[in-house]
Amino acid sequence: MSLHAALLCAQDATDNNKHEVGMDIQWYPAGWLIGPIYQYHPKTHHAFFAKLGVNFANRHDWSGLNDDEKGIGYGGSLGYRYYLKPQMSTFFIGTRGELYNTYIHWKNDIGMPAETSGRTQIIVYQPSFEVGYWARIPKTKWCLTISSGAGIEINVVTKGKPVGEGGMWLATISLLRST
(Lines give C-alpha, C1' and ligand atoms only; values in the text may rest on other atoms or scores of the structure.)
Protein backbone atom coordinates (compact mmCIF):
# COMPACT_ATOMS: atom_id res chain seq x y z
CA MET A 1 0.00 0.00 0.00
CA SER A 2 1.40 3.40 -0.93
CA LEU A 3 1.82 6.16 1.63
CA HIS A 4 -0.87 8.19 -0.16
CA ALA A 5 -3.33 5.29 0.04
CA ALA A 6 -2.51 4.75 3.71
CA LEU A 7 -3.19 8.40 4.45
CA LEU A 8 -6.52 8.25 2.64
CA CYS A 9 -7.51 5.21 4.73
CA ALA A 10 -7.00 7.11 7.98
CA GLN A 11 -10.20 7.88 9.83
CA ASP A 12 -11.40 11.39 10.59
CA ALA A 13 -10.61 12.17 14.23
CA THR A 14 -13.89 14.03 14.54
CA ASP A 15 -16.09 11.06 13.58
CA ASN A 16 -15.42 8.00 15.73
CA ASN A 17 -12.15 9.02 17.35
CA LYS A 18 -13.03 12.06 19.47
CA HIS A 19 -10.98 10.91 22.45
CA GLU A 20 -7.30 9.94 22.50
CA VAL A 21 -5.11 8.95 25.44
CA GLY A 22 -1.41 8.25 25.53
CA MET A 23 2.04 9.42 26.56
CA ASP A 24 3.64 12.80 25.86
CA ILE A 25 7.41 13.40 26.03
CA GLN A 26 8.88 16.88 25.64
CA TRP A 27 12.56 17.71 25.49
CA TYR A 28 13.98 21.18 25.99
CA PRO A 29 17.67 22.08 26.38
CA ALA A 30 17.39 22.19 30.18
CA GLY A 31 15.29 19.09 30.77
CA TRP A 32 12.38 16.76 30.06
CA LEU A 33 8.60 17.03 30.62
CA ILE A 34 7.02 13.55 30.63
CA GLY A 35 3.51 12.34 31.37
CA PRO A 36 0.16 10.92 30.27
CA ILE A 37 -1.94 13.00 27.89
CA TYR A 38 -5.64 13.14 26.98
CA GLN A 39 -6.79 14.78 23.75
CA TYR A 40 -10.38 15.67 22.80
CA HIS A 41 -11.59 16.58 19.29
CA PRO A 42 -14.89 18.49 19.78
CA LYS A 43 -15.32 19.22 16.04
CA THR A 44 -13.50 19.21 12.73
CA HIS A 45 -10.02 20.78 12.80
CA HIS A 46 -9.96 21.37 16.58
CA ALA A 47 -8.46 19.51 19.53
CA PHE A 48 -7.93 20.33 23.20
CA PHE A 49 -5.53 18.40 25.38
CA ALA A 50 -4.49 18.02 29.01
CA LYS A 51 -1.34 16.44 30.41
CA LEU A 52 -0.12 15.57 33.88
CA GLY A 53 3.64 15.55 34.04
CA VAL A 54 6.98 15.43 35.73
CA ASN A 55 9.65 18.03 34.92
CA PHE A 56 13.24 16.77 35.15
CA ALA A 57 15.37 19.94 34.99
CA ASN A 58 19.12 20.15 34.45
CA ARG A 59 19.96 23.77 33.72
CA HIS A 60 23.74 23.42 34.18
CA ASP A 61 25.17 26.94 34.54
CA TRP A 62 22.97 28.49 31.85
CA SER A 63 20.86 30.70 34.11
CA GLY A 64 23.66 33.14 34.91
CA LEU A 65 22.43 33.08 38.53
CA ASN A 66 24.01 29.84 39.77
CA ASP A 67 26.83 27.56 38.70
CA ASP A 68 24.59 24.47 38.61
CA GLU A 69 20.80 24.03 38.77
CA LYS A 70 19.05 20.66 38.83
CA GLY A 71 15.60 19.75 40.00
CA ILE A 72 12.30 17.98 39.68
CA GLY A 73 8.75 19.25 39.55
CA TYR A 74 5.18 18.08 39.16
CA GLY A 75 2.38 19.75 37.27
CA GLY A 76 0.60 19.68 33.97
CA SER A 77 -0.47 21.45 30.84
CA LEU A 78 -3.51 22.47 28.85
CA GLY A 79 -3.39 23.11 25.14
CA TYR A 80 -5.16 23.60 21.83
CA ARG A 81 -4.33 22.36 18.33
CA TYR A 82 -5.74 23.26 14.93
CA TYR A 83 -5.46 20.44 12.36
CA LEU A 84 -5.20 21.53 8.72
CA LYS A 85 -6.77 18.38 7.17
CA PRO A 86 -8.40 16.29 9.91
CA GLN A 87 -9.63 13.58 7.50
CA MET A 88 -6.09 12.21 7.28
CA SER A 89 -2.65 12.55 8.78
CA THR A 90 -1.88 16.24 8.74
CA PHE A 91 0.07 19.23 9.98
CA PHE A 92 -1.15 21.25 12.95
CA ILE A 93 -0.44 24.45 14.85
CA GLY A 94 -1.11 24.88 18.53
CA THR A 95 -0.44 26.46 21.85
CA ARG A 96 0.00 25.15 25.36
CA GLY A 97 0.45 26.46 28.88
CA GLU A 98 2.33 24.40 31.46
CA LEU A 99 2.42 24.94 35.21
CA TYR A 100 4.93 23.06 37.40
CA ASN A 101 5.77 23.14 41.11
CA THR A 102 9.52 22.56 40.92
CA TYR A 103 12.33 22.23 43.45
CA ILE A 104 15.69 23.39 42.11
CA HIS A 105 18.91 22.34 43.87
CA TRP A 106 21.57 24.91 43.07
CA LYS A 107 25.32 25.16 43.69
CA ASN A 108 27.84 27.98 43.39
CA ASP A 109 31.65 28.07 43.49
CA ILE A 110 31.72 24.30 42.96
CA GLY A 111 34.89 22.67 44.29
CA MET A 112 36.03 25.86 46.02
CA PRO A 113 36.29 26.40 49.79
CA ALA A 114 33.46 28.95 49.49
CA GLU A 115 31.10 26.47 47.76
CA THR A 116 27.46 27.14 48.58
CA SER A 117 24.34 25.16 47.81
CA GLY A 118 20.65 25.29 48.52
CA ARG A 119 17.15 24.55 47.33
CA THR A 120 14.62 26.89 45.81
CA GLN A 121 10.96 26.12 45.26
CA ILE A 122 9.43 27.70 42.17
CA ILE A 123 6.11 27.61 40.44
CA VAL A 124 6.97 27.83 36.77
CA TYR A 125 4.53 28.87 34.04
CA GLN A 126 5.63 27.89 30.53
CA PRO A 127 3.47 29.28 27.69
CA SER A 128 4.51 28.12 24.22
CA PHE A 129 3.36 27.62 20.65
CA GLU A 130 3.99 24.58 18.47
CA VAL A 131 3.87 23.33 14.89
CA GLY A 132 3.77 19.65 14.17
CA TYR A 133 2.49 16.62 12.34
CA TRP A 134 -0.26 14.24 13.47
CA ALA A 135 -0.02 10.79 11.79
CA ARG A 136 -2.54 7.99 12.01
CA ILE A 137 -1.05 4.52 11.99
CA PRO A 138 -3.08 2.70 9.28
CA LYS A 139 -5.54 -0.01 10.34
CA THR A 140 -5.05 0.75 14.06
CA LYS A 141 -6.46 3.08 16.69
CA TRP A 142 -2.98 4.58 17.23
CA CYS A 143 -1.58 7.92 16.13
CA LEU A 144 1.69 9.75 16.59
CA THR A 145 2.34 13.47 16.96
CA ILE A 146 5.69 15.11 16.47
CA SER A 147 6.09 18.83 17.07
CA SER A 148 8.50 21.62 17.83
CA GLY A 149 7.86 24.98 19.40
CA ALA A 150 9.13 27.93 21.36
CA GLY A 151 8.11 29.51 24.62
CA ILE A 152 9.29 31.04 27.83
CA GLU A 153 9.81 29.87 31.42
CA ILE A 154 8.40 32.33 33.94
CA ASN A 155 9.00 31.80 37.66
CA VAL A 156 5.70 33.15 38.99
CA VAL A 157 6.53 32.17 42.61
CA THR A 158 10.07 31.85 44.01
CA LYS A 159 10.78 30.66 47.55
CA GLY A 160 14.53 30.87 48.07
CA LYS A 161 17.46 32.16 46.03
CA PRO A 162 16.51 33.23 42.47
CA VAL A 163 17.03 30.59 39.79
CA GLY A 164 16.94 30.67 36.01
CA GLU A 165 14.05 31.52 33.73
CA GLY A 166 13.75 32.72 30.16
CA GLY A 167 13.21 31.66 26.56
CA MET A 168 13.16 28.02 25.50
CA TRP A 169 12.35 25.78 22.59
CA LEU A 170 10.73 22.37 22.79
CA ALA A 171 10.59 19.14 20.80
CA THR A 172 7.62 16.89 21.55
CA ILE A 173 6.55 13.38 20.62
CA SER A 174 3.27 11.76 21.67
CA LEU A 175 1.85 8.31 21.11
CA LEU A 176 -1.95 8.31 21.39
CA ARG A 177 -4.71 5.71 21.11
CA SER A 178 -8.27 6.49 20.12
CA THR A 179 -10.83 5.28 22.64
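Trainee: How many bridges does β1 share with β8, and in which sense do they pair?
Mentor: Eight bridges, antiparallel. Strands here are DSSP runs of E, at least two residues, numbered from the N terminus. Two strands pair if DSSP finds at least two bridges between them. Gln26 has Thr172 in β8 as its bridge partner.

Trainee: Is this an experimental or a predicted model?
Mentor: Predicted; local features need pLDDT of at least 70, side-chain atom pairs count only at pLDDT 80 or more, and totals for chains, interfaces and linings use all residues. Residues are numbered from 1 along each chain as its sequence is written, and side-chain values use heavy atoms, with hydrogens and water left out.

Trainee: Back to the strands. What joins β1 to β2?
Mentor: Ten bridges, again antiparallel. β1 covers residues 19-28 and β2 covers residues 31-43. The two make a hairpin with two residues between them. Trp27 stands opposite Trp32 of β2.

Trainee: How many bridges between β5 and β6?
Mentor: 19, and the two run antiparallel. Trp106 faces Gly118 of β6 there.

Trainee: New topic: the inside. Which residues make up the largest nonpolar core?
Mentor: Twelve: Tyr28, Ala30, Leu33, Ala57, Tyr100, Ile104, Trp106, Ile122, Val124, Val163, Met168 and Leu170. A core is a set of buried Ala, Val, Leu, Ile, Met, Phe, Trp, Tyr and Cys residues joined through side-chain atoms within 4.5 Å. Buried means under 20% relative accessible area, exposed over 50%, partly exposed in between (1.4 Å probe, protein chains only).

Trainee: Which strand gives the most to that core?
Mentor: β5, with three residues. β5, β6 and β8 (166-178) each supply at least two.

Trainee: What does Val163 touch?
Mentor: Leaving out residues up to four places away in sequence, Val163 contacts Arg59, Leu65, Asn66, Glu69, Ile104, Trp106, Thr120, Ile122 and Asn155. Contact means heavy atoms within 4.5 Å.

Trainee: What's in the second core?
Mentor: It is separate and has eight residues, including Ala47, Phe49, Tyr83 and Phe92.

Trainee: Now the rings. How many aromatic pairs?
Mentor: Five. Rings of Phe, Tyr and Trp (its six-membered ring) pair if their centres lie within 6.5 Å; planes under 30 degrees apart count as stacked, over 60 as edge-to-face and the rest as tilted. Tyr83 and Phe92 are a tilted pair, 5.4 Å centre to centre with 50 degrees between the planes. Both are buried. With Trp134 they form one aromatic cluster.

Trainee: Why is the Phe91 and Tyr133 pair edge-to-face?
Mentor: Because the planes are at 70 degrees, with the centres 4.8 Å apart. Phe91 lies in β5 (residues 90-108) and Tyr133 in β6 (residues 116-136), so the pair ties together parts 42 residues apart in sequence.

Trainee: Is Phe91 buried or exposed?
Mentor: Exposed, at 52% relative accessibility. Tyr133 is partly exposed, at 29%.

Trainee: Last one. Which ring does Lys161 sit over?
Mentor: Trp106; the charged end is 5.5 Å from the ring centre. The test is NZ of Lys or CZ of Arg within 6 Å of the ring centre and within 35 degrees of the ring normal. Arg81 lies over the face of Phe49, at 4.5 Å from the ring centre.

Note on methods. Helices (H or I, at least four residues) and strands (E, at least two) are DSSP runs, numbered from the N terminus.
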